[in-house]
Amino acid sequence: MTVRRVVAGKAGKAGKAVAAATTPALLAKRIAAVERSDFCKHVYEACARVPRGKVVTYKDIAVALGSPHAARAVGQALKRNPLAPDVPCHRVIASSRKLGGFCGAADGPEVTRKAGLLLAEGVQFATNGCVHSSSLTTLSPAPAPQA
């Protein structure tokens with residue numbers, strides 16, 4: 001399994017850390033300017049709130065946005081994320097704690113890269129290759145827009 005190889009320390013270039021290159025205020029402006037649906041923008045805003053070294057599930061984001069059955073739509077929005085790595089879509093995983101997809105691929109070098117990015121940020125993996133529960137975090141509902 002690809003994830004197990006990465007966890008075993010064979011990440012290679014995939015293990016390079018991702019550093020945010022923007023401030024939260026600037027990122028909010030960049031998200032607002034993206035030519036995507038409001039739903040996608042809300043997904044990007046939620047994803048940007050996931051701290052380094054932690055992960056959330058696609059469903060967690062859907063629930064935080066008030067659309068608990070929209071986990072697949074969250075995945076589709078992140079698949080087209082134009083602001084990576086500032087919107088850290090690699091920090092979003094499947095509810096099974098498997099990595100899920102990355103860069104539109106369900107397996108292969110893209111998912112290996114996702115595992116390497118998470119390892120570089122300190123995310124812990126279980127022996128079965130899934131993300132360890134200690135690396136999960138939760139998202140509070142999105143803040144209400146200011147009037």
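This report describes the fold, the helix packing and several individual residues of a predicted model.

## Overall architecture

The predicted protein contains six helices and two strands, and the order of these elements along the sequence is α-α-α-β-α-α-β-α. Of the 147 residues in the protein, 41% are buried. Among contacts with a sequence separation of 6 or more, 68% are between residues 24 or more positions apart.

## Helix H3 and its surroundings

Helix H3 covers residues 38-48, and its buried residues are Cys40, Lys41, Val43, Tyr44, Ala46 and Cys47. The cover over these buried residues includes H2, H5 and E2, together with helix H4, which spans residues 58-64.

## Packing of H2 against H3

Helix H2, residues 24-33, approaches helix H3 so that their axes come within 9 Å and cross at roughly 160 degrees. Because angles over 145 degrees count as roughly antiparallel, H2 is described as roughly antiparallel to H3. The crossing of these two helices is right-handed.

On the H2 side, the contact is made by Leu27, Ile31 and Ala32, which meet Lys41, Tyr44, Glu45 and Ala48 on the H3 side. Divided by class, the residues of this contact comprise five nonpolar and two charged residues, with no polar ones. Lys41 and Tyr44, which take part in this contact, are also among the buried residues of H3.

## Packing of H3 against H5

The axes of H3 and H5 are 9 Å apart, and the two helices pack at an angle of about 85 degrees. This angle makes H3 roughly perpendicular to H5, since the range from 65 to 115 degrees is counted in that way.

From H3, the residues Phe39, Cys40, Val43, Tyr44 and Cys47 meet Ala73, Val74, Ala77 and Leu78 of H5. The contact of H3 with H5 consists of nine nonpolar residues, with no polar and no charged residues. Tyr44 is listed in this contact with H5 and also in the contact of H3 with H2.

Arg91 is found in the loop between helix H5, residues 71-79, and strand E2, residues 92-93, whereas Glu121 is placed in the segment after H6. Arg91 has a relative accessible area of 10% and is therefore buried, and Glu121, with a relative accessible area of 8%, is buried as well. The side chains of Arg91 and Glu121 are joined by a polar contact of 2.8 Å.

When neighbours within four places in sequence are left aside, the contacts of Arg91 are Val50, Pro51, Arg52, Lys54, Val55, Val56, Leu118 and Glu121.

## Backbone features in the loops

The loop between H5 and E2 also holds Pro85, and the peptide bond from Ala84 to Pro85 is cis, with an omega near 5 degrees.

In the loop between E2 and helix H6, which covers residues 109-120, Arg97 has a positive phi of about 75 degrees although this residue is not a glycine. Arg97 has a relative accessibility of 29% and so counts as partly exposed.

Val131 is found in the segment after H6 and is buried, with a relative accessible area of 0%. Not counting residues up to four places away in sequence, Val131 touches Val55, Ile93, Arg97, Leu99, Val123, Gln124, Phe125 and Ala126. Val131 and Lys98 are 33 residues apart in sequence, with a C-alpha to C-alpha distance of 6.4 Å.

A further pairing across the sequence involves Asp60, which lies in helix H4 and, at 26% relative accessibility, counts as partly exposed. Asp60 and Leu139 are separated by 79 residues in sequence, while their C-alpha atoms are 6.8 Å apart in space.

Methods: Residues are numbered from 1 along each chain as its sequence is written. This is a predicted model: local features need pLDDT of at least 70, side-chain atom pairs count only at pLDDT 80 or more; totals for chains, interfaces and linings use all residues. Side-chain values use heavy atoms; hydrogens and water are left out. Axes are lines fitted to C-alpha atoms, for helices over the stretch in contact, and angles run from 0 to 180 degrees between N-to-C directions. Helices (H or I, at least four residues) and strands (E, at least two) are DSSP runs, numbered from the N terminus. Angles under 35 degrees count as roughly parallel, over 145 as roughly antiparallel, 65 to 115 as roughly perpendicular and the rest as oblique. A crossing is left-handed if the near helix is turned anticlockwise from the far one by less than a right angle, and right-handed if clockwise. Contact means heavy atoms within 4.5 Å. Ala, Val, Leu, Ile, Met, Phe, Trp, Tyr, Cys and Pro count as nonpolar, Asp, Glu, Lys and Arg as charged, and the others, Gly among them, as polar. Buried means under 20% relative accessible area, exposed over 50%, partly exposed in between (1.4 Å probe, protein chains only). A polar contact is a pair of N or O atoms within 3.5 Å; within protein, one must be able to donate a hydrogen and the other to accept it, and residues adjacent in sequence count only if both atoms are side-chain atoms.
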